[in-house]
Every structure is written in structure tokens, then in C-alpha cells.
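I opened the structure today to look up a few side chains and a pocket. My notes follow in the order I checked things.

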Amino acid sequence: MAFDLRGRYWDRTSDLFGVLEAVTSVAPFARARLHVGAVHQDGTKMAKSTGNLTLVADLLRDHSPAAVRMLLLDRPWRSVWQYRPGDLDTAAARLEQLYAAAGRPGGTGEAAIGVVVAALLDDLDVPQAVEVAVDAGGDAARLLLRVLALA
């Protein structure tokens, strides 16, 4: 039995898919693979087993859920990234820019909305979509807020 999609964080030291194919004799074990970047903190991968972990509940004490989502989404999704507490403040400020843009008139043309949608469809390029939405404002920014569940 093969899966249509198998997802896990990106770990360059192991070949879990190769092991699964060898054990099950099913190749390919997954027809599509989704590798997301691991989150690092203080130079090492976050892991409960090592105590190197920041909990979402701790982040929500000082920031909104939307700011935490912006922190997670506004980056290349497959890249390993380093969490720093100040990054959450940066994400909150970027979210405020997007909210302000959504309150402006404009961004109603198919061009701005189309560019936002195209960025999202291009390997989920959220940083590009945010840049366009902030510049265009209006409907383009409101659309992005809805799609990313930031509104």
C-alpha cells in the first residue's frame, strides 16, 4: 500500500523513505513528498527530548494567534529556520502593515489580486504575496488575510 502524500520535517541525516520502501517492498512508498523545514533555536533543532523547545502557549502570552501564524507562514516553507524571540515582534509589525493595507482603498483590480494568488500558487510564496498585498492594499490585502486565516 502506497500513500499519495507523505510529509515530515526536513532532516538531511536520515532517509526514512528509503527505509520504508525497503521494509514494505513498495516503491515509491509515497507518490509525493512534502518536506518542511525544521525549526532551530539557539543553534540546534527544537526538540522536546532535548528541552530546546518554545511552546506556542508561551508565545500567545504576549502575541496574538495571528502574529504567531504570520511568524510561521512568512518564510519559505521548506527551509530550515532559526527562531529568535525578536522575530515574533517583526512578524507582528508585518501583520499590522497588512492590516493597515487592508483598510486602504485599492487593490481591487484583477492585477493585484492575481499577483497575490499567483505568489501563493508559486510554491506558497507567502513573503511575495505579503509584499504585493501591502503595496496594493484594499481587496488584495483583505484576500490574503482571509486565505492565511489572519483576519
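I started with glutamine 41, which is found in strand β3, residues 39-41. I kept in mind that this is a predicted model. Is glutamine 41 buried or exposed? Its relative accessible area is 10%, so I noted glutamine 41 as buried, the cut-off being under 20%. Leaving aside neighbours within four places in sequence, I found glutamine 41 in contact with Met46, Asn52, Leu53, Thr54, Gln82 and Tyr83.

Next I looked up salt bridges, and the structure holds six. In one of them, the side chains of arginine 94 and aspartate 74 meet at 2.3 Å, N to O. This pair links distant parts of the chain, 20 residues apart: arginine 94 is in helix α4 (residues 85-103), and aspartate 74 is in the loop between α3 (65-73) and β5 (81-83). I noted arginine 94 as buried at 16% relative accessible area, and aspartate 74 as buried at 18%. Asp74, Arg94 and Glu131 are linked in a network of salt bridges.

I then checked aspartate 139, which forms a salt bridge with arginine 142, with the closest N and O atoms 2.5 Å apart. The two are three residues apart in helix α7 (residues 138-147), so about one helical turn separates them. Aspartate 139 is partly exposed at 28% relative accessibility, and arginine 142 is partly exposed at 31% relative accessible area.

Last, I looked at the largest pocket, which has a volume of about 270 Å³. I counted 16 lining residues, with Val36, Gly37, Val39, Trp77 and Trp81 nearest the centre. The lining divides into twelve nonpolar, two polar and two charged residues.

Note on methods
Residues numbered from 1 in each chain as written. Predicted model: local features only at pLDDT ≥ 70, side-chain atom pairs only at ≥ 80, totals over all residues. Heavy atoms only, no water. 1 Å grid on protein atoms, 1.4 Å probe; cavity = no way out; pocket = protein on both sides within 12 Å on 5 of 7 lines; lining within 4 Å. Points joined across faces, edges and corners; volume = space filled by probe spheres on them. Nonpolar A, V, L, I, M, F, W, Y, C, P; charged D, E, K, R; others polar. Helix = DSSP H or I, 4+ residues; strand = E, 2+ residues; numbered from the N terminus. Buried < 20%, exposed > 50% of the residue type's maximum accessible area, 1.4 Å probe, protein only. Contact = heavy atoms within 4.5 Å. Salt bridge = Lys/Arg side-chain N within 4 Å of Asp/Glu carboxyl O.
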